[in-house]
Amino acid sequence: MLSKIAIGDGHGEESPYFDGWKAYEKDPFHPTKNFNGVIQMGLAENQLTSDVIEQWITSKPEASICTPEGAKDFMAISNFQDYHGLPVFRNAVANFMARARGNRVTFEPDRIVMSGGATGAHEVTAFCLADPGDAFLVPTPYYPGFDRDLRWRTGLQLVPVVCESSNNFKLTTKALEEAYEEAKEDNIKLKGLLITNPSNPLGTIMDSETLKSVVKFINEKNIHLVCDEIYAGTVFGEPGFTSIAEIIEEQDVECNRDLIHIVYSLSKDLGVPGFRVGIIYSYNDDVVNCARKMSSFGLVSTQTQNLLASMLSDDEFVDRFLTESSSRLGKRYRLFTRGLAQIGIKCLQSNAGLFLWMDLRHLLKKQSVEAEIELWKTIIHEVKINVSPGSSFHCNEPGWFRVCYANMDDSAVEVALTRIRSFVRQDTETKVPAAKKLCWQSSLKLRLSFNKSRNIDDMVMSPHSPLPQSPLVKATM
Ligand SMILES: Cc1ncc(COP(=O)(O)O)c(C=O)c1O
């Protein structure tokens, strides 16, 4: 009785990626109410700089239409529904995009198209560039949401380009050529290449040479290049981020700009995923026009546009926010990697994003996906931490795990580290009696001192969550 989309499993909800979230939701960690619960480290959320935004909002009551100072604009803002968006909003977003890229490049406000998060932006871009059955190449490991966002309703296919740990998962022309040729042999019509820079899950940045080789490749093959730059401003340390927008400006780069499209969002760089602000920035006029019409299905509320227009055109605030965010992320990254290094756990060296790509290959019983999932189940059920297994990111080498570290306060990080240390020690001391296994949980409790100024109840699910419990439901319960 229902459509193929409705009865199919294209959403990908049945995967360890989402199962981990469900395990967390059933038994969420709380420093006082549920100390032995699951710690959510599977959610790429940036909560480290929320206080900076809160301060700005408090100091600018006129920026909101829901305050006595801003209510005079209520009628105009609440009635506005043009799919071009508020001009001040597009200007402010173009300004923020440039600042998040170190002001080395500018963006034209007229090319900014809105969507419901980067999730919506990817789907709209796919609808504009490909027909059902067509395919995009995607380097692995990649963000699991792409399987839903690009494929589910559009009928697009994703063809993996295998990247390996031997060169730190760097994308090579050889890997691109191999995937391209293989797809051709299978009669798959390739329409584009999707890259994520900085990478989720790796937290690494693509260097200029790689980006230039990518531009050369897509021009030679005459296919589109979609660049997900959602973490452009979520970078701490060297090497700095280079946007595709900078590369195509370079003198020695020959490029048909009609093939270049950027997907962006404020979910990560500004830490406001609930606002659902996604951006399609295309250099192709026809794509801009079509995407704008399609944006009717995923407009950003004008109330949100109005608030962000003020916030993001405040240059002093934007620069301070980005600097502070980078500094806090770097500090957290160092805290976590150092803690892991002390117990012999290595991570891929990275300097961007909200996560680590942790190497647990030495803890696998066998080098297989089954063994990876077995280890992941132990981590969820015994260590009580939700991390995401590499196989859910289509990583072709078992034993890698993505660990998010920016969606909690320092004390929760400390609890997570202590649990991991305890687990690794047990594993290396080999097969400890079951009774001893639980000891770490109670001894941990004694040692925990948590920062009361941060509320761990704030650790809520993403709007993409398959779970029914939204923050709002929680607040009204
Ligand atoms: C690489 C990447 N693209 C897109 C998204 C979706 O972002 P949004 O919340 O803006 O829809 C995410 C979210 O984690 C992501 O990591």
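Two strands are said to pair if DSSP finds at least two bridges between them. In this predicted model, seven strands form an open sheet of mixed pairing, and their order is 2-8-7-6-5-3-4. Strand 2 and strand 4 are the edge strands, each of which pairs on one side only, and neighbouring strands of the sheet are turned against each other by 25° on average, direction ignored. Within the sheet, strand 3 (residues 135–139) and strand 5 (residues 190–196) pair in the parallel sense over three bridges, and A135 has L190 of strand 5 as its bridge partner. Helix 6 packs on this sheet, where its direction makes about 35° with that of strand 8. The strands that helix 6 touches include those in the table.

| Strand touched by helix 6 | Residues |
|---|---|
| Strand 6 | 224–228 |
| Strand 7 | 260–265 |
| Strand 8 | 277–282 |

Helix 2 (residues 16–26) is largely enclosed by the rest of the structure, because eight of its eleven residues are buried. Among these buried residues are Y17, F18, W21 and Y24, and the buried residues of helix 2 pack against strand 1 (39–40), helix 14 (369–383), strand 11 (385–386) and strand 12 (388–389).

How values were computed
Residues numbered from 1 in each chain as written. Predicted model: local features only at pLDDT ≥ 70, side-chain atom pairs only at ≥ 80, totals over all residues. Helix = DSSP H or I, 4+ residues; strand = E, 2+ residues; numbered from the N terminus. Axes fitted to C-alpha atoms, helices over the stretch in contact; angles between N-to-C directions. Contact = placed C-beta atoms within 7 Å. Buried ≥ 20, exposed ≤ 12 C-beta atoms within 10 Å, placed from the backbone.
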